[in-house]
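Good morning, colleagues. Please have the display in view.

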Amino acid sequence: MQEIEEPMDTPSQDPRAAARRAWPRYEAAELGFRHYWYPVLAARQLKQKPVSLVVCGEKIVLVRDRGAVRALKDRCPHRGVPLSAGRREFPGTLSCLYHGWTFDLASGELIQALTDGPDSPVCGNPEVCVKTYPVIQKANLIWIYIGDGPPPPAETDIPETLLADDAVVEAVVERRKGNWRYAMENACDEAHAKYLHRYTPYYFFFRFPGWQTDARVAPSEDGKWLNRSSKPVFEKVHYPGLGSWPRGEFWRWLRRKPIKGSSRLPGVFAVDHHTWHDFQFFVPVDKEHHLTLQVSMTRAKGLKKALWKIRYWLFIRTLHHWLLNSREDGFIVENMDAPPEWLFRPDISIVGWRRWCEQKARRSPSDGEPISQANLHSGGAVADVVSS
Amino acid sequence: MQEIEEPMDTPSQDPRAAARRAWPRYEAAELGFRHYWYPVLAARQLKQKPVSLVVCGEKIVLVRDRGAVRALKDRCPHRGVPLSAGRREFPGTLSCLYHGWTFDLASGELIQALTDGPDSPVCGNPEVCVKTYPVIQKANLIWIYIGDGPPPPAETDIPETLLADDAVVEAVVERRKGNWRYAMENACDEAHAKYLHRYTPYYFFFRFPGWQTDARVAPSEDGKWLNRSSKPVFEKVHYPGLGSWPRGEFWRWLRRKPIKGSSRLPGVFAVDHHTWHDFQFFVPVDKEHHLTLQVSMTRAKGLKKALWKIRYWLFIRTLHHWLLNSREDGFIVENMDAPPEWLFRPDISIVGWRRWCEQKARRSPSDGEPISQANLHSGGAVADVVSS
Amino acid sequence: MQEIEEPMDTPSQDPRAAARRAWPRYEAAELGFRHYWYPVLAARQLKQKPVSLVVCGEKIVLVRDRGAVRALKDRCPHRGVPLSAGRREFPGTLSCLYHGWTFDLASGELIQALTDGPDSPVCGNPEVCVKTYPVIQKANLIWIYIGDGPPPPAETDIPETLLADDAVVEAVVERRKGNWRYAMENACDEAHAKYLHRYTPYYFFFRFPGWQTDARVAPSEDGKWLNRSSKPVFEKVHYPGLGSWPRGEFWRWLRRKPIKGSSRLPGVFAVDHHTWHDFQFFVPVDKEHHLTLQVSMTRAKGLKKALWKIRYWLFIRTLHHWLLNSREDGFIVENMDAPPEWLFRPDISIVGWRRWCEQKARRSPSDGEPISQANLHSGGAVADVVSS
């Protein structure tokens with residue numbers, strides 16, 4: 001594994017300016033990185049009735065049509081009324097509630113303007129249409145492609161584990177305050193769990209490390225993930241000027257195997273809990289809001305599958321996703337106010353992520369760099385980038 | 001009837017810029033057209049107690065004084081406290097709650113500043129006064145004149161029908177989101193009712209046309225109204241690419257006589273329902289809000305009057321004004337987002353209204369065009385303007 | 001007593017501009033005057049748990065530590081999370097909830113970053129620390145010094161009466177809408193009580209003057225206060241054009257001794273009620289909000305103290321502070337909208353206060369005028385300033 005080693009505690013005179021110089025593409029990505037597939041809903045949330053969402057600043061209506069999922073810009077070109085308020089008048093179409101302008105769900109073409117009769121001259125004009133978005137249902141989730149040009153296969157952006165034949169996937173979707181980068185940086189932040197989540201009920205009976213040594217980040221073998229690692233320290237020690245820490249809490253009698261976290265573009269954080277996997281997707285909404293999709297999965301069939309579902313609904317969804325992620329992390333993400341910032345050693349995990357984005361995030365085809373398979377998966381080049 | 005015939009489906013490269021070029025006065029009228037009488041309250045809503053309103057961006061306090069209605073700018077010149085919070089200390093006056101500055105309701109003069117004694121030097125200074133507004137009660141409504149110079153007679157701006165001796169007038173006033181022009185354009189929009197209101201309870205059992213042909217607008221004989229007309233099509237027909245529409249809904253067994261709609265400056269839409277008349281007044285509040293006054297009237301006395309009142313409170317006020325206008329139209333007006341826009345054939349009704357405003361809306365006396373009776377009622381000139 | 005006598009009723013063509021010219025420092029003090037001690041909490045409101053406040057635009061966390069009170073900037077320099085959400089992990093310190101960065105409450109130094117182990121290189125860097133504020137508990141209130149350089153003794157800014165050995169002090173703190181200057185000007189406004197508070201329950205049975213003559217302001221002997229005075233007029237008289245006023249309300253049979261009001265920088269208004277003293281402190285929060293501390297005190301021991309406390313909780317806190325100050329004055333302060341303004345004779349009390357601020361408000365040490373005792377208490381010079 002290649003490592004990042006650089007001075008973390010260098011004071012910067014103007015941290016905001018420094019941040020801009022260091023990671024200009026990341027700094028500019030207030031509405032996220034384009035040319036990626038983003039998950040936006042659990043499959044069960046999308047039915048016949050249109051659903052309206054904002055993704056990367058774009059207002060989108062999603063709808064299920066005879067099994068297929070469809071996504072269009074949520075705005076009728078006639079007078080700007082949201083199509084998500086419309087009626088499902090004919091199969092394969094969506095009719096604007098205002099005047100019955102009826103659009104083909106697959107192509108976005110205006111097929112008929114009902115209230116102008118079957119000979120309406122406004123139809124057939126290729127300029128009068130609604131933008132469509134590539135959209136697909138995979139791994140029990142709805143994925144939208146936000147970007148220019150023809151999209152890569154959705155599988156390019158879906159963690160492989162989720163696509164297993166026997167995958168059992170559960171998801172909870174929330175709209176939260178705070179820019180998506182705060183949420184993603186909070187997730188990949190190496191040290192925070194050891195203090196912020198110290199008394200969280202989900203881990204209440206488990207031994208909890210106080211800190212870690214040797215925090216590192218390194219790309220995975222396939223070049224898709226940025227893995228973080230460190231050596232946790234469980235012992236109580238003396239902190240000069242303060243006293244002993246962590247407290248020797250007698251009720252912490254359970255051990256758990258070390259868990260590993262990995263980050264991935266455009267904003268995914270995955271944790272391998274050994275018996276199950278946790279994926280958090282952070283999807284930009286606008287500059288001040290993001291979606292979180294907390295996706296849990298295991299590979300199981302029959303009774304094992306049923307037992308895991310019980311565990312999910314009793315413990316994971318309540319104590320882990322709601323209390324730990326939504327309440328504890330959510331409070332931080334809502335109240336974070338950086339830059340300016342002053343990073344410390346474990347923040348190598350954050351700096352590594354930023355540099356990863358800076359170098360690896362896809363560029364627009366119009367930037368002269370086509371989204372090729374090589375560009376998408378350039379595993380070899382990644383390590384150089386991170387360690388440079 | 002002179003007609004407007006022009007290409008409606010011409011794509012414009014920058015619709016916003018095109019709109020500005022085409023109708024600069026209408027585009028600028030975010031706060032409405034000045035030099036008109038606007039209705040703002042039902043007569044029964046105004047009593048002894050001051051009522052505060054914003055009309056065309058101006059904060060106004062209304063009050064009833066021994067039968068007469070009075071309107072002043074809702075701001076004490078002393079320290080800027082709203083006069084609408086004041087006390088009715090002496091007849092014919094309003095006293096600011098803060099220091100008892102007491103203003104003549106008719107002239108706006110500061111008669112006394114109570115807390116400075118009867119010899120206060122601040123009184124008698126003609127600069128220390130409150131602006132008054134011409135205001136009148138007619139047709140069971142309170143009307144305010146917003147404009148410069150001496151106002152024309154209020155009857156100039158009150159639909160004649162409302163002034164009949166045996167007029168029975170009922171009104172409901174609402175403050176709604178959305179610029180007043182969205183509300184007015186929605187009202188005079190020829191085609192929208194055929195789709196948006198298709199399943200509205202008020203018309204549930206009536207045959208409902210799917211579209212219309214020959215949409216036209218033309219001025220009324222007296223030059224005050226812009227009448228729209230069209231030939232409704234009730235038959236189910238084949239829409240290529242979709243199928244048959246409208247559905248042959250078996251429960252629609254009632255016929256109604258065609259109803260006609262007419263628009264009038266500064267923002268009135270009237271519908272003749274044969275047994276009763278419906279007037280909708282759209283009164284600008286600020287750039288993002290307007291008042292709607294939904295005024296229903298019939299001509300009746302005795303038992304006929306009582307029966308119509310029952311009909312009004314049971315059906316018109318609930319199903320027509322609340323469900324159809326406030327909920328269905330209100331949703332559209334709140335969510336409309338134009339320009340850009342792409343108009344279609346029936347929108348001749350909207351384009352006609354815009355051009356009518358552009359040419360006919362009163363100009364300020366200081367623009368060198370006095371508001372003369374000729375200017376107010378120039379019936380002859382109108383047709384030329386609309387058809388040009 | 002030196003008096004201010006100047007024409008008050010001079011109309012100004014552009015009152016806003018005139019105000020700027022006349023009192024530029026006062027006009028600029030949207031966030032209050034700096035280099036003063038401000039009371040911000042009642043002593044009983046501050047315990048072990050951190051309390052977050054905004055004072056003069058600065059976000060501050062207060063905490064009680066083994067008897068002492070401490071105040072720090074409410075922002076961890078690491079990632080900008082509010083320290084007020086933190087844990088009291090070790091005595092004398094506050095630990096940021098996010099990563100356990102642990103700051104010395106007295107010095108603001110980063111003692112340890114818990115989750116980076118006892119050898120974290122981020123500690124010991126003098127640049128990584130949190131700003132502290134001078135803070136003290138006196139007269140049952142918590143006082144913070146907002147300003148540059150070493151503060152003067154807190155007693156400099158605490159009204160002497162509050163510091164008596166047998167002082168019994170009660171306080172209620174509120175956050176209110178409106179800039180602090182509106183609140184302070186409303187308090188020192190000579191005439192307003194005679195109209196605004198005319199029917200307030202607290203004074204309901206008392207004779208109430210209708211106006212006053214000879215309104216004046218003059219500095220106190222020690223130069224710390226600006227006293228206002230006037231001769232109240234209780235008689236009903238004839239106001240030409242209106243009639244007799246005040247009404248001869250038969251139920252007003254109680255007399256009270258005249259009460260005097262005094263203003264003091266940075267925003268204090270004191271009223272001597274003979275058997276008790278009322279202090280109102282107006283503390284800037286941001287441009288649109290302020291804190292009011294309504295502080296009541298008497299000098300008493302034993303039974304007398306107990307009886308006064310009953311009177312306070314039954315009448316003063318409910319009828320005077322809540323109804324009269326919070327509701328009646330609060331409405332005015334929220335709705336005031338000046339400039340423009342048009343002052344009248346009794347407003348000498350407001351003009352005097354503005355000029356007092358203009359001349360007497362402390363200047364920054366960096367302006368070349370050190371905050372010396374002479375500068376603080378220059379009683380001799382004050383009179384000249386006010387009368388000039």
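How are H3(B) and H5(B) oriented to each other? Please bear in mind that this is a predicted model. Helix H3 of chain B covers residues 180-188, and helix H5 of chain B covers residues 302-335. Their axes come within 9 Å and cross at roughly 135°. The two helices, H3(B) and H5(B), are therefore oblique to each other. As for handedness, the crossing in which H3(B) passes H5(B) is right-handed.

Which residues make this contact? On the side of H3(B), they are Tyr182(B), Ala183(B) and Asn186(B); on the side of H5(B), they meet Asp329(B), Ile332(B) and Val333(B).

Among the buried ones are Ala183(B) and Asn186(B), together with Trp180(B), Arg181(B) and Glu185(B).

I turn now to the sheet. In chain B, 3 strands form an open, antiparallel sheet in the order E2-E3-E4. Strand E2 (51-55) and strand E4 (68-73) of chain B each have a single partner strand and stand at the edges, so one side of each lacks a neighbour in the sheet. On average, and with direction ignored, neighbouring strands of this sheet are turned by 30° against each other.

Strand E3 of chain B, residues 58-65, pairs with E4(B) over 6 bridges in the antiparallel sense. Within that part of the sheet, Asp65(B) has Ala68(B) in E4(B) as its bridge partner.

Thank you for your attention.

Methods: Residues are numbered from 1 along each chain as its sequence is written. Chains are lettered from A and ligands numbered from 1 in the order in which they are written. This is a predicted model: local features need pLDDT of at least 70, side-chain atom pairs count only at pLDDT 80 or more; totals for chains, interfaces and linings use all residues. Side-chain values use heavy atoms; hydrogens and water are left out. Axes are lines fitted to C-alpha atoms, for helices over the stretch in contact, and angles run from 0 to 180 degrees between N-to-C directions. Helices (H or I, at least four residues) and strands (E, at least two) are DSSP runs, numbered from the N terminus. Angles under 35 degrees count as roughly parallel, over 145 as roughly antiparallel, 65 to 115 as roughly perpendicular and the rest as oblique. A crossing is left-handed if the near helix is turned anticlockwise from the far one by less than a right angle, and right-handed if clockwise. Contact means heavy atoms within 4.5 Å. Buried means under 20% relative accessible area, exposed over 50%, partly exposed in between (1.4 Å probe, protein chains only). Two strands pair if DSSP finds at least two bridges between them.
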